[in-house]
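Visitor: Please show me the model, and then I will ask about its surface and its confidence.

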Amino acid sequence: MLWGWHDLIVYTLLLVVADVLLWREWCGGVVMLTSSTMVWYLFERAGYNFLSFMANVLSLLVAILFFWAKSASLLNRSLPPLPNLEISENTVVIITDVLHQWINHTLSIAHNIAIARDLKFFLKVAVSLWLVSYIGSLFEFLTLVYIGVILSLSVPVVYDKYQHFIDEKLCVTRRFIQTQYRKIDEMVLRKLPLPSNGGYPLHS
């Protein structure tokens, strides 16, 4: 029963995210774009410190709630409406399941490189990490996250509108990359000497 609820919650969250990214729920898209723009401007352009900003915001919020509760008790009015401040068990299960999958995937990558000694896989990982390092050297982390938010709110909409045309171009690009990879594989990778397994058994 727990896994049934887990699957239902994940499916619902995916639908909500898809509606926001495709601007079907335009309110969510506007809130996401506006909030990310404000955060990027405050910390990248205005020079605010994240910890100081969060401490000031929380201090202001706590002060407002405290004086609201005090005035409500003196004037016989209702207390400020606060939600139930706790994390549900289903939320913990979902977060744990996602972390479990990511950790196992990372360990499988380390296994393929260190134990199985897969040279092609090692080169793919090395090139991917180099690209991430190169892109990270061009932008600040928060700017990179902001660019990711902008792309996530624009690319799905463009793809949904011009899906047929984009799929054709992606197929052509994919065939070109596969052709170049086969050439590199035949000319370079297959000629590299592979290390012996050293007597250690390989695990699938």
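Visitor: Which residues form the nonpolar patch on the surface, and what is their accessible area together?
Guide: This is a predicted model. The patch is formed by V127, W130, L131, Y134, I135, L138, F139, L144, I147, L151 and V155. Together, these residues have an accessible area of about 990 Å².

Visitor: Which element gives the largest share of the nonpolar patch?
Guide: Two or more residues each come from α5 (119-138) and α6. The largest share is six residues, and the helix that gives them is α5.

Visitor: Is V155 buried, partly exposed or exposed?
Guide: V155 lies in helix α6 and is a member of the nonpolar patch. Its relative accessible area is 47%. Exposed would need over 50% and buried under 20%, so V155 is partly exposed.

Visitor: Where in the protein is confidence lowest, and where is it highest, among the helices?
Guide: The mean pLDDT of the protein is 78, with 81% of residues at 70 or more. Helix α1 (residues 2-21) has the lowest confidence, at a mean of 70, and the highest, at 87, belongs to helix α6 (residues 141-161).

Visitor: How many disulfides does the structure hold?
Guide: C27 is partly exposed at 44% relative accessible area, and C171 is partly exposed at 41%. A disulfide needs two cysteine sulfur atoms within 2.5 Å. The number of disulfides in the structure is zero.

How values were computed:
Residues are numbered from 1 along each chain as its sequence is written. This is a predicted model: local features need pLDDT of at least 70, side-chain atom pairs count only at pLDDT 80 or more; totals for chains, interfaces and linings use all residues. Side-chain values use heavy atoms; hydrogens and water are left out. pLDDT is the predictor's confidence in each residue, from 0 to 100. Helices (H or I, at least four residues) and strands (E, at least two) are DSSP runs, numbered from the N terminus. Buried means under 20% relative accessible area, exposed over 50%, partly exposed in between (1.4 Å probe, protein chains only). Patches are made of residues with over 30% relative accessible area and no salt bridge: like charges are joined within 9 Å, nonpolar side chains (Val, Leu, Ile, Met, Phe, Trp, Tyr) within 5 Å. Accessible areas come from the Shrake-Rupley method with a 1.4 Å probe; for residues, only the protein chains shown count as cover. A salt bridge is a side-chain nitrogen of Lys or Arg within 4 Å of a carboxyl oxygen of Asp or Glu.
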